[in-house]
Amino acid sequence: MTEITLVRHGQANTGAQDEASYDRLSELGHRQAAWLGEHLETVAPYDRIISGAMRRQIETAQGLNRRALPHDTDARLNELDYFGLAESLKNSHGVPIPTCATEFAAHVPQVLDAWRNDGIHPDVESYDAFHDRIFAALRSAAGTGERCLLVTSTGVISTLTAIALGLETAAKVKMFLAVAHTSVHKFELRGDDLYLTQFGATPHLDVPDRIHAKTHA
């Protein structure tokens, strides 16, 4: 049995219309990461941080790494290609790309349903390929024999949660939208089986003067 902790990156450039514009932390995102780093100094120490290779994931890992732990990057922890999926859905089904949070919440289930049912252009990473790479990243972290903190994104976390709990697509969408920035999630690998032991903890934000800083999009 191996416990693995996953953290979502801090708030990125909300409102961006493409991956390159989105992929950097906002000022609040940097603060969220720093606050989480302060909290982590009060719990059992980790041995290593592993982040995805995206800028927002790396910046979050750097911001919370107050103990100067070894920090590796693993592109298998990168987010699903949401903008690529959205563009494919627009081209194939005429579904417009969202421009606000309300539209985004309605758009996510359409994208994930088409993706899960192979209704996306073959040039975009398939759901099965995404599933296999994030599981491989978890197994690699478990195989280090160290206590690892993984910094990743909501698509990775919600997919692993759905797998661990046996959730269907509709419920997975709810998990996708419920993963707060810099929230903490714990899983256990028992052989080939995945178990969820903690979802969505934000102890570093659950204080009166930081409630406003708990963000999702």
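Arg 48, in this predicted model, touches Leu 69, Pro 70, Asp 72, Glu 146, Arg 147, Cys 148 and Leu 149, leaving out residues up to four places away in sequence. Arg 48 lies in strand E2, which covers residues 48-51.

**Arg 48 and its partner**
- Among the residues that Arg 48 touches is Asp 72, and the side chains of these two are joined by a polar contact of 2.9 Å.

**Gln 11 in its loop**
- You will find Gln 11 in the loop between strand E1 (2-8) and helix H1 (19-22).
- Is Gln 11 buried or exposed? Its relative accessibility is 14%, so Gln 11 counts as buried, the cut-off being under 20%.
- Setting aside neighbours within four places in sequence, Gln 11 is in contact with Arg 24, Leu 25, Ser 26, Leu 28, Gly 29, Gln 32, His 181, Thr 215 and Ala 217.
- One of these contacts is with Ser 26, and here the two side chains make a polar contact at 2.7 Å.

**How H2 packs with H3**
- Two numbers are handy for a pair of packed helices: the angle between their axes and the distance between the axes.
- For helix H2 (residues 27-40) and helix H3 (residues 55-64), the angle is about 40 degrees and the axes are 7 Å apart.
- The crossing of H2 and H3 is right-handed.
- Which residues of H2 and H3 meet? From H2 come His 30, Ala 33, Ala 34, Leu 36, Gly 37 and Leu 40, and from H3 come Glu 59, Thr 60, Gly 63 and Leu 64.
- By type, the residues of this contact divide into five nonpolar, four polar and one charged.

**Two positive phi angles**
- As background, most residues other than glycine have a negative phi.
- Ala 68 has a positive phi, near 55 degrees, and is found in the loop between H3 and strand E3 (71-73).
- Ala 68 has 65% relative accessibility and therefore counts as exposed, the threshold being over 50%.
- Thr 182 also has a positive phi, near 60 degrees, and is found in the loop between helix H8 (169-178) and strand E5 (184-190).
- Thr 182 is buried, because its relative accessible area is 0%.

Notes
Residues are numbered from 1 along each chain as its sequence is written. This is a predicted model: local features need pLDDT of at least 70, side-chain atom pairs count only at pLDDT 80 or more; totals for chains, interfaces and linings use all residues. Side-chain values use heavy atoms; hydrogens and water are left out. Axes are lines fitted to C-alpha atoms, for helices over the stretch in contact, and angles run from 0 to 180 degrees between N-to-C directions. Helices (H or I, at least four residues) and strands (E, at least two) are DSSP runs, numbered from the N terminus. A crossing is left-handed if the near helix is turned anticlockwise from the far one by less than a right angle, and right-handed if clockwise. Contact means heavy atoms within 4.5 Å. Ala, Val, Leu, Ile, Met, Phe, Trp, Tyr, Cys and Pro count as nonpolar, Asp, Glu, Lys and Arg as charged, and the others, Gly among them, as polar. Buried means under 20% relative accessible area, exposed over 50%, partly exposed in between (1.4 Å probe, protein chains only). A polar contact is a pair of N or O atoms within 3.5 Å; within protein, one must be able to donate a hydrogen and the other to accept it, and residues adjacent in sequence count only if both atoms are side-chain atoms.
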